[in-house]
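Hi,

Here is the model I promised to pass on.

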Amino acid sequence: MLIQQEFRLNMRKITAFLSLSLFSTFAIGEMDHHAMMMKHHAHETSKDERQLVEFPAPAYHATLKSMRDHLRAISQIQGFLAEENYEAAADAAEKGLGQGHQHGEHGNHAARFMPAEMRQLGATMHNAANDLSLSLRNVPISNDLKPVFTQLHRVTNACVACHDQYRLAPLTH
Ligand code: HEC
């Protein structure tokens, strides 16, 4: 009886010990993983290979503001598409992304400070946006959404291509 009790007690201790060591093995493994991820991220942010483009401060702020308008327009277009309101989606594309999009008094001059290739990507985006708005206005006639998604993809591809290649900073001198 006494021996049996002692045996059970010992078994419990062994089980407790085993689960504790198993837990710490996991915990240490997780910590190592975490440390590695941190190192990986630090490494990634330290090598930003995008080309730095400097704008005078007013053009810099106007450009970022127009960027936020671009993203808002994409979001509006998607919302109007879900509502099948193609007219409103076309208006949002023209207003927020098209050639007619106002970059503001300072932003309009920003193109002057862009490398030629960057300016070209901007023009590609504006052209794609104009084609997008044409294809949106055509949906009630054609009943075909495929051209809309093709043009929307051309627009977002231009956003992605430019963001992969360039970063901005305000001129400090
Ligand atoms: C011709 C180049 C170009 C095109 C095209 C372009 N962007 Fe940008 N955008 C930039 C650059 C450069 C920055 C600054 C990035 C940085 O400095 O890290 C930026 C920044 C932004 C920001 C951050 C704004 C802020 O306040 O910090 C948003 C949002 C954005 N872009 C959205 C878009 C969207 C959406 C599109 C497409 C519809 C788009 N952009 C097209 C070049 C471009």
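Predicted model: local features only at pLDDT ≥ 70, side-chain atom pairs only at ≥ 80, totals over all residues.

How many residues surround the ligand, and which are the closest? There are 18 of them, and the closest are Met67, Arg68, Cys159, Cys162 and His163. For this, a residue needs a heavy atom within 4 Å of the molecule.

Numbering starts from 1 along each chain as its sequence is written, and side-chain values use heavy atoms, with hydrogens and water left out.

**Around the ligand**

By class, the shell has twelve nonpolar, three polar and three charged residues. Here Ala, Val, Leu, Ile, Met, Phe, Trp, Tyr, Cys and Pro count as nonpolar, Asp, Glu, Lys and Arg as charged, and the others, Gly among them, as polar. At least two shell residues each come from α2 (57-82), α5 (116-142), α6 (146-165) and β2 (166-170). Those names follow DSSP runs numbered from the N terminus: helices are H or I of at least four residues, strands E of at least two.

- Arg68: an N or O atom of the side chain is 2.7 Å from a ligand oxygen.
- Leu168: a polar backbone atom is 2.8 Å from a ligand oxygen.
- Arg50: an N or O atom of the side chain is 3.0 Å from a ligand oxygen.

**How the helices pack**

Axes below are lines fitted to C-alpha atoms over the stretch in contact, with angles from 0 to 180 degrees between N-to-C directions. Contact means heavy atoms within 4.5 Å.

Helix α3 (residues 86-97) packs on α5 at about 165°, with the axes 8 Å apart. That makes the two roughly antiparallel, a label for angles over 145 degrees. Residues in this contact include Tyr86 and Leu97 of α3, and Met125 and Pro140 of α5. By class, the α3 and α5 contact has eleven nonpolar, two polar and four charged residues.

What about α2 and α3? Their axes come within 8 Å and cross at roughly 175°, so α2 and α3 are roughly antiparallel to each other too. Among the residues that meet are Asp69, Ile77 and Phe80 in α2, and Ala88, Ala92 and Gly96 in α3. This contact has eleven nonpolar, three polar and one charged residues.

Helix α2 also meets α6: the axes come within 13 Å and cross at roughly 155°, which makes α2 roughly antiparallel to α6. Met67, Ile74, Ile77 and Leu81 in α2 meet Val148, Phe149, Leu152, Val155, Thr156 and His163 in α6. That contact has eight nonpolar, two polar and no charged residues. Met67 and His163 are also among the closest residues to the ligand.

Cheers

Definitions and conventions
Polar contact = N/O pair within 3.5 Å; in protein donor to acceptor, adjacent residues only side chain to side chain. Parallel < 35°, antiparallel > 145°, perpendicular 65-115°, else oblique.
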